[in-house]
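Please open the model in your viewer and keep the selection tool at hand. The stops below say what to select next and what is there.

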Amino acid sequence: MSATPQSGHAALVDLLHGRGLLDETWRAVWHAVPREPFIPARAWRQEPDGCVPLTGEADRLALVHADEPVIVQVDDGKPDGPSVATSSNSQPSMVARMLGLLDVADGHRVLEIGTATGYVAALLSRRLGERNVHSVEIDPAMAAWAREALRAAGYAPHLAHGDGEQGWPGAAAPFDRLLVTCAVRHVPYPLVRQLRPGGVLVTPLARDFWSGAVVRLAVGEDGTARGRFHGGASYMPMRAHRKAEGAPVEEATARPTAVCVDPAQLLDLGFALYAGARLPGVSMLHAEEPDGGVRVWLRAPDGSAATAASREDAWLYGPRDLWGEVETVYGEYVRLGSPAADAFGLVVGAEEEWIWVGDPSRRVGPA
């Protein structure tokens, strides 16, 4: 007789295990900690054009048991806003990947930055024991929700309401592991200081040129953290790291320029890491065109901008030739051998941080 197919939470966990994202220990932990109790009744699905409210329990459960993020707060909880996602229960496969990179062991003490719904804190509590788990949440409403959801599920990790950019507010440091569940523009050094030598920090890092990548850092005896990037990740920004608006783009300065590089060639995480280090402050967005091509938009804080689509000329705005700068940097990247994202790493010290390629001694600085 064939086995009955798994459904719901069990099927999701088995999917993650089948993809190699959960070892047997973590598989047992995930099976024991369902996701559903940590999702509020009011939640949203992230769509390309914004957040769409879930309608009814069936819709909610379908999303909860899917490998998708569930938005649990929009507009920082303020009414009548544009429905911009500000807190979520992250995509399960991404959570599993980051927990795998964290590489916890029995007895490890872990600090999580960004409690959100409390689900990751519950997973860590099940794996390591609640006394070894500390978690900080900046939003008061989410902090209260997480505390109650964890209590109802039978977990009581150490929780704090505060700004996670500064780490744990009490005297619990040093920790063995530190997990950031929101995107940072740079790695706050106070977090590095709360790890013991040999401790590991895993965080999404989002610069202007790219939407996000996961970096895993280990702290040395000198207090400097070093490590490599491990693929892309799209997370909401830490509140203190939200991007400020630059100068407005002057439409009257529009002028065409020839394109030598297809914009589709720029959509590689390895290039994005390199270009982000070479062109600090320059942002890039992209979208697929109806004809199968790609359009990109570039923007700098001084109001300079550029847009280009496959098989078309580019258009420049403002004082800088942003398209020319990006093509120059792309040429450098190709001459380096077009290194993949996992060839890049990060160094975080007390005074500065920088990206390197191939070897920590090969620092990538501004053009």
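Begin with the open sheet of five strands, which come in the order 12-16-15-14-13 with antiparallel pairing; strands here are DSSP runs (E, at least two residues) and helices are DSSP runs too (H or I, at least four residues), both numbered from the N terminus, and two strands pair if DSSP finds at least two bridges between them. Its edges are strand 12 (255-257) and strand 13 (283-288), each of which pairs on one side only. Neighbouring strands of this sheet are turned by 20 degrees against each other on average, with direction ignored; axes are lines fitted to C-alpha atoms, for helices over the stretch in contact, and angles run from 0 to 180 degrees between N-to-C directions.

The model is a predicted one, in which local features need pLDDT of at least 70 and side-chain atom pairs count only at pLDDT 80 or more, while totals for chains, interfaces and linings use all residues. Residues are numbered from 1 along each chain as its sequence is written, and side-chain values use heavy atoms, with hydrogens and water left out.

Within this sheet, select strand 15 (residues 305-309) and strand 16 (residues 314-317), which pair in the antiparallel sense over three bridges, with A305 opposite Y317 of strand 16.

Next, select the open sheet of ten strands, whose order is 7-6-5-8-9-10-11-17-18-19 and whose pairing is mixed. At its edges are strand 7 and strand 19 (363-364), each pairing on one side only. Inside the sheet, strand 11 (residues 225-232) pairs with strand 17 (residues 344-348) in the antiparallel sense over four bridges, and G227 stands opposite L346 of strand 17. Helix 4 lies across strand 5, strand 8, strand 9 (195-205), strand 10 (213-219) and strand 11, and runs at about 160 degrees to strand 9.

Leaving aside neighbours within four places in sequence, T224 is in contact with A218, V219, V347, V348 and G349.

Two backbone details come next. Most residues other than glycine have a negative phi, and most peptide bonds are trans. The peptide bond from A173 to P174, however, is cis, with omega near 10 degrees, and P174 sits in the loop between strand 7 (158-161) and strand 8 (175-180). D103, in the loop between helix 4 (92-102) and strand 5 (110-113), has a positive phi near 55 degrees and is partly exposed at 45% relative accessibility.

Finally, select the residues that line the second largest pocket, among them R42, W44, V72, D75, K78 and S83. A pocket is an open set of points on a 1 Å grid over the protein atoms alone, where a 1.4 Å probe fits, with protein on both sides within 12 Å along at least five of seven lines, and lining residues have an atom within 4 Å of a point. The largest share of this lining, three residues, comes from strand 3 (residues 70-74). S83 itself lies in the loop between strand 3 and strand 4 (85-89), and its phi is positive, near 65 degrees.

Definitions and conventions: Buried < 20%, exposed > 50% of the residue type's maximum accessible area, 1.4 Å probe, protein only. Contact = heavy atoms within 4.5 Å.
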